[in-house]
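The report below is meant to be read alongside the sequence and the coordinates.

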Amino acid sequence: MNDTIIKEMPKQKDVETERQIAAKVLENISEGVIVTDIKGNILAVNPAFESVTGYLEAEVIGHNPRMFQSGIHGPSFYQEMWNSVLTFGKWQGEIWNKKKNGDVYPEWITISSIKDKLGEVTNFVAVFSDITDRKHAEEKLRQLAHFDSLTGVANRYTLNKHLNSLIETASKYNQQLAVLFLDLDRFKQINDTLGHNYGDLLLKEVSFRLKGLIKNKDLIARLGGDEFVIVLSNIKHPKEAVSVAEDVVEALSSSFILNHHEVYVTTSIGISLFPLDGSSLETLLRNADKAMYKAKSNGKNQFELYHEEMHNDESKQMKMEVHLRKALEQNEFFLVYQPQINLKTGNIIGIEALIRWKQHNQEVIPPSQFIPLAEETGLIVPISEWVMNQAFSDIQKIHLRGHSKMMVSINISALHFNQDHFLKSVATTLQHTNVHPHSVDFELTESMIMPNASETITKLVKLKKLGIKLSIDDFGTGYSSLSYLNRFPLDTLKIDKSFIKNINKYHDDSSIVEAIISIAHRLNLSVVAEGVESKKQISFLKAGGCDHIQGFYITKPLPFEELLDFLEYWDEDQIK
């Protein structure tokens with residue numbers, strides 16, 4: 001055999017082995033592969049190519065890859081791509097191609113040139129993969145990063161970025177913009193009553209309605225919970241912001257249907273304007289937030305424009321909070337008492353304890369100012385503990401003066417009532433002051449006991465076992481759900497003074513009072529009318545069967561020492 005032939009045989013065998021290995025690799029890799037000649041005609045494809053594109057090998061052999069073009073890229077894109085392949089031997093990047101069924105999809109592709117021993121390009125090889133799933137994942141991550149996952153509106157990050165950009169533009173071109181800060185009224189009650197799933201459904205529905213009111217150039221964002229922000233760009237006049245606020249209030253005032261449950265929710269809105277109310281994102285949001293709280297304090301379901309007085313009010317509130325924190329240790333609180341009279345006998349049967357605050361400068365702060373602040377800061381808990389202890393001590397002194405059947409009524413705050421240690425604290429204070437529990441009446445509000453009725457009933461039953469009497473205060477101003485009254489272990493209903501005020505003027509109010517008295521008696525509850533100021537009111541209440549009264553007609557609330565004198569000189573005939 002020729003020596004040359006013998007020497008070439010191993011080389012041919014090696015080449016054949018390499019080809020077999022290469023073919024096996026192409027057959028099993030997950031990326032699609034296309035091999036073309038120098039003119040771009042397809043010479044071979046692998047099985048993954050068929051899986052990705054939907055084309056069979058026989059359908060593409062001899063054709064140019066131009067048949068896969070989607071039409072998304074222009075001529076300059078392909079020109080730049082092939083210049084890179086021919087100049088550098090390689091191009092890599094994202095490209096959109098078309099499958100056999102017409103679907104357009106993104107590929108990540110690497111195109112390389114193949115050269116012979118002389119350095120001449122003989123073939124091109126493209127290796128690509130379908131990155132549709134990766135694109136979807138990237139889009140989902142982008143959505144999570146920039147949008148609220150529950151409602152689909154912008155999140156806090158996007159709001160900050162967008163609002164900063166709008167402020168820059170507005171500053172540059174002397175434009176105005178508005179920030180509307182929305183907080184839903186009664187959202188917590190719906191959440192607590194129906195559950196968080198219904199709360200989420202409500203937030204989605206609210207977002208849907210808001211989107212229908214906002215133009216493309218404007219932005220809606222959810223800050224979290226039930227707080228939303230609307231940014232109105234390039235407004236010509238503040239009236240535009242007012243108009244949008246009015247539309248939002250109206251849009252949210254109609255009922256929402258949540259899985260066959262009909263619910264109502266309203267909104268309180270605060271508005272700040274650029275540049276009038278601030279030139280930075282933080283200032284505009286803060287001032288809109290202040291205005292929103294003003295809208296809430298004014299009765300909710302409305303809007304307020306920010307004005308400088310709100311800043312002054314806030315400064316005053318901050319100073320008051322500092323003084324309030326020191327008021328207990330500096331012994332600045334004191335109690336006054338308003339007597340309660342039995343309408344049949346004219347006897348004083350009880351007193352209601354009312355807190356007052358006199359600062360060292362002798363200024364008396366009304367409860368309407370400091371009680372909401374105490375509740376907001378949590379100071380209401382230690383203040384309530386002080387009230388309870390002082391009232392128990394005072395009633396014990398009254399008993400020792402010979403008025404052994406006198407009762408003391410104490411208003412209980414929701415925050416204090418919901419403390420884990422509330423029952424233990426009551427029992428300890430009773431023991432410490434040596435007061436009989438039957439001499440104590442706790443006054444609760446409807447809005448306080450209704451949201452978590454089952455838990456409240458358990459706690460009220462334990463109070464009853466201690467011997468404490470229980471009253472519903474300000475009846476008629478909250479839920480007014482008479483069907484629930486028999487579920488609670490109550491002793492007394494107190495009719496709110498707003499109804500008593502007009503019983504001699506308006507038929508509706510007098511009818512409501514008569515109805516409350518009638519129903520209360522059917523449920524074996526006694527009735528106290530608050531805010532009695534005239535003999536005519538007393539005559540009406542007597543005729544209607546009311547049990548007890550209190551109000552300025554009897555006396556204004558009295559400090560303890562004056563109360564002791566009043567108890568001694570009270571004449572029962574004054575109301576007969």
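Which side chain of opposite charge is nearest to Asp37, and how far away is it? Asp37 is buried (under 20% relative accessible area, where over 50% is exposed and in between is partly exposed, with a 1.4 Å probe and protein chains only), yet Asp37 has no salt bridge, and the nearest side chain of opposite charge is that of Lys39, 6.8 Å away. A salt bridge requires a side-chain nitrogen of Lys or Arg within 4 Å of a carboxyl oxygen of Asp or Glu.

The model is predicted, so that local features need pLDDT of at least 70 and side-chain atom pairs count only at pLDDT 80 or more, whereas totals for chains, interfaces and linings use all residues. Residues are numbered from 1 along each chain as its sequence is written, and side-chain values use heavy atoms, with hydrogens and water left out.

**Setting of Asp37**

Asp37 belongs to strand 1, residues 32-37; strands (E, at least two residues) and helices (H or I, at least four) are DSSP runs numbered from the N terminus. The side chain of Asp37 reaches the backbone nitrogen of Lys39 at 2.9 Å. Leaving aside residues up to four places away in sequence, Asp37 touches Leu43, Thr122, Asn123 and Phe124, a contact being heavy atoms within 4.5 Å.

**Whole chain**

The protein chain has 22 helices and 22 strands, and of its 576 residues 43% count as buried. Among contacts between residues at least 6 apart in sequence, 61% join residues at least 24 apart.

**Parallel strands around strand 19**

Strands are taken to pair if DSSP finds at least two bridges between them. Strand 18 (residues 469-475) runs parallel to strand 19 and is joined to it by three bridges, with Phe475 standing opposite Ile495. Strand 19 (residues 492-495) is in turn joined by four bridges to strand 20 (residues 526-529), again in parallel; here Thr492 has Ser526 as its bridge partner, and Leu493 stands opposite Val527. Two bridges join strand 20 to strand 21 (residues 548-549), which also run parallel, and Val528 stands opposite His548. Between these two strands the chain passes through helix 21 (residues 535-544), and this β-α-β crossover is right-handed, meaning that the path from the first strand over the helix to the second runs clockwise when the strands point away from the viewer.

In a regular strand the side chains alternate between the two faces of the sheet. In strand 19 both faces are covered, with Thr492 and Lys494 on one side and Leu493 and Ile495 on the other, all of them buried.

**Salt bridges**

A search of the whole structure finds 10 salt bridges, among them the following.

| Pair | N to O distance |
|---|---|
| Glu59 and Lys100 | 2.7 Å |
| Asp130 and Lys99 | 3.6 Å |
| Lys494 and Glu352 | 3.1 Å |

Lys494 lies in strand 19 and Glu352 in strand 14 (residues 348-358), so this pair ties together parts that are 142 residues apart in sequence. Both Lys494 and Glu352 are buried, and salt bridges that share partners join Glu352, Glu443, Lys494 and Glu530 into one network.

The side chains of Glu59 and Lys100 also meet in a salt bridge; because Glu59 lies in helix 3 (residues 57-60) and Lys100 in the loop between strand 3 (90-98) and strand 4 (104-115), the pair ties together parts that are 41 residues apart in sequence. Glu59 is partly exposed at 30% relative accessible area, and Lys100 is partly exposed at 45%. The salt bridge of Asp130 with Lys99 links Asp130 in strand 5 (residues 121-130) to Lys99 in the loop between strand 3 and strand 4, 31 residues apart.

**Backbone exceptions**

Most residues other than glycine have a negative phi, and most peptide bonds are trans. His260, in the loop between strand 9 (256-258) and strand 10 (261-263), has a positive phi of about 75° although it is not a glycine, and His260 counts as exposed at 82% relative accessibility. Asn434, in the loop between helix 15 (422-433) and strand 17 (440-445), has a positive phi of about 60° and counts as exposed at 57% relative accessibility. A cis peptide bond joins Phe274 and Pro275, with omega about 5°, and Pro275 is found in the loop between strand 11 (266-274) and helix 10 (281-297).

Terms used. Lys, Arg positive; Asp, Glu negative; His and termini not counted. Polar contact = N/O pair within 3.5 Å; in protein donor to acceptor, adjacent residues only side chain to side chain.
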